[in-house]
Amino acid sequence: MAGSSVETPMGVTDPAGAARGYRPSATMPFGAEFRRQASRRRTQLALGFMVLLPLIILIAFQFNSGGDDDNGNNEFASLVDLATSGGLNFTLFAIFVSASFLLVVVVALFCGDTVASEASWGSLRYLLAIPVPRARLLTVKLVVALAYSGLALVLLAGTALAAGTLRYGWSPLRSTVAAELEPTEGLLRLLAVLGYLAVVLLVVAGLAFLLSVTTDAALGAVGGAVLLWILSSILDQITALGALRDFLPTHFSTAWLGLLSTPVQTDDVVRGCISAISYATLFWGLAFWRFTRKDVTS
């Protein structure tokens, strides 16, 4: 009879042939994948370094002899001077030295390693045989990778703010592009900077995730995303490219400096958000398209 269950030697199945009680949406829960990734050494080391870096910078500042030589009166020296003038300024400095490379590597690590590592271990085909639908597997892995990427950003800024405030006090935010900002407003500006960086880094996340479903080598996916980001940054410095630079994913990566100016400059921030979301959506779309048609043998 149409619509009736079918009895098989393995048990009862529904009319579609699936085991009774099987729900694709219940496979591979987010919490289980989040905990599994938390137990991995690379996750622990990456998050641990986000906490350790501000402390290393803080210790390094204690060796500043104050009068000498190397940095002179250059821009970096002025940034160091500002960093030691309060917790908010210390946090801004930690973000500044991390944004162009370290955070790129960490996001590429979380998003590029997530699928490729399963393939390299030979466990990817077993996950699909449970069966976990391919689209759900990718969705859960992407959401978990983005969650850890966001956590890394929060840990870096949170540790820097706590350590800097304890060492240098709760003072107004100062920068070379703005008037002095009261601590409350300065904190809001820093949160806006973190939000914009999170959006910009979606490009890295999308590119690394696309490479992760394309190759079985996790190192290739992570390294490829970082190298392509660096290549885009180099091309962005070539003024001969003219208006073509506006279409590079890294062109608006430093637009967050406008959030610190007086008054706030948001034009490039808006353009940067549109560019980042567009690129990330394209890369994720290609990743899902590729993986749902890929022959998984590992």
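Visitor: Among contacts in the chain between residues at least 6 apart in sequence, what percentage join residues at least 24 apart?

Guide: That comes to 77%. Keep in mind that this is a predicted model.

Visitor: What makes Arg40 and Asp113 a salt bridge?

Guide: The rule wants a side-chain nitrogen of Lys or Arg within 4 Å of a carboxyl oxygen of Asp or Glu. For Arg40 and Asp113 the N to O figure is 2.8 Å, so the pair passes the 4 Å cut-off. Arg40 sits in the loop between helix 1 and helix 2, and Asp113 in helix 5, so the bridge ties together parts that are 73 residues apart in sequence.

Visitor: Is Arg40 buried or exposed, and how do you know?

Guide: Buried means under 20% relative accessible area. Arg40 has 15%, so buried it is. Asp113, at 9%, is buried too.

Visitor: And why is Arg36 called partly exposed?

Guide: Its relative accessibility is 33%, and the label covers values between the 20% and 50% cut-offs. Its salt-bridge partner Glu33 has 3%, so Glu33 counts as buried.

Visitor: How far apart are the closest N and O atoms of Arg36 and Glu33?

Guide: They are 3.3 Å apart, and that is within 4 Å, so the pair counts. Both residues lie in helix 1, about one turn of the helix apart.

Visitor: How many salt bridges does the rule give?

Guide: The count is 7. Another one joins Asp268 and Arg271 at 3.0 Å; those two are 3 residues apart in helix 10.

Technical notes
Residues are numbered from 1 along each chain as its sequence is written. This is a predicted model: local features need pLDDT of at least 70, side-chain atom pairs count only at pLDDT 80 or more; totals for chains, interfaces and linings use all residues. Side-chain values use heavy atoms; hydrogens and water are left out. Contact means heavy atoms within 4.5 Å. Helices (H or I, at least four residues) and strands (E, at least two) are DSSP runs, numbered from the N terminus. Buried means under 20% relative accessible area, exposed over 50%, partly exposed in between (1.4 Å probe, protein chains only).
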